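Hello,

Here is the structure for you to look over. My notes follow below it.

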Amino acid sequence: MDRRGAADVLATDVPSPFARSARERFESVQSSVRYEERSVYDLQGEFDFAFMGWVLQTLDDPIRALKAVRRVAKQLLLLDTISVPLTLVPAPVARLDARRDGGEGFVFNPRGMRKAMELAGWNVEAQTRILRDRFTIETDWKHRIGIRGRSYAMLAS
């Protein structure tokens, strides 16, 4: 967004090794992006546009997070993981994805993600089909056949 001419860009993340690495990358390229260690639940300010990439699956309360972004942003582009097998279910659903690495979060089917957006007060304007990963590291059969999930995007205001 900085490269596309946004007047002010704020990137946030919770304190982690990833957050430190991201801050260092922004500083190394002399970007005007401000980087703050902050929870999505604690967002403040006013923004024309927000981007959330692969955040919902890491949170214990994804609808509350979407509401927090709704409080501060006029428009949201959400990119997150959906469950390919859950796409076969016609109802809006989510499942708890309890992984061996300790990261637990909710993974939605497309209808479930749309419903979560609507429950948080967003009006979905556009959405993609399931996006295949361009580059994958196939570590086990779940990744190879897409049970872990694929990406999906929605634009809302």
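Thr81 sits in strand β4. Strands (E, at least two residues) and helices (H or I, at least four) are DSSP runs, numbered from the N terminus. Thr81 is buried, at 12% relative accessible area; buried means under 20%, exposed over 50%, partly exposed in between (1.4 Å probe, protein chains only). Its side chain makes a polar contact of 2.9 Å with the side chain of Gln57. A polar contact is a pair of N or O atoms within 3.5 Å; within protein, one must be able to donate a hydrogen and the other to accept it, and residues adjacent in sequence count only if both atoms are side-chain atoms.

A note on the source: this is a predicted model, where local features need pLDDT of at least 70, side-chain atom pairs count only at pLDDT 80 or more, and totals for chains, interfaces and linings use all residues. Residues are numbered from 1 along each chain as its sequence is written, and side-chain values use heavy atoms, without hydrogens or water.

Now the whole chain. The chain has four helices and eight strands. Their order is β-α-β-β-α-β-β-β-α-β-α-β. Of its 157 residues, 34% are buried.

Best wishes
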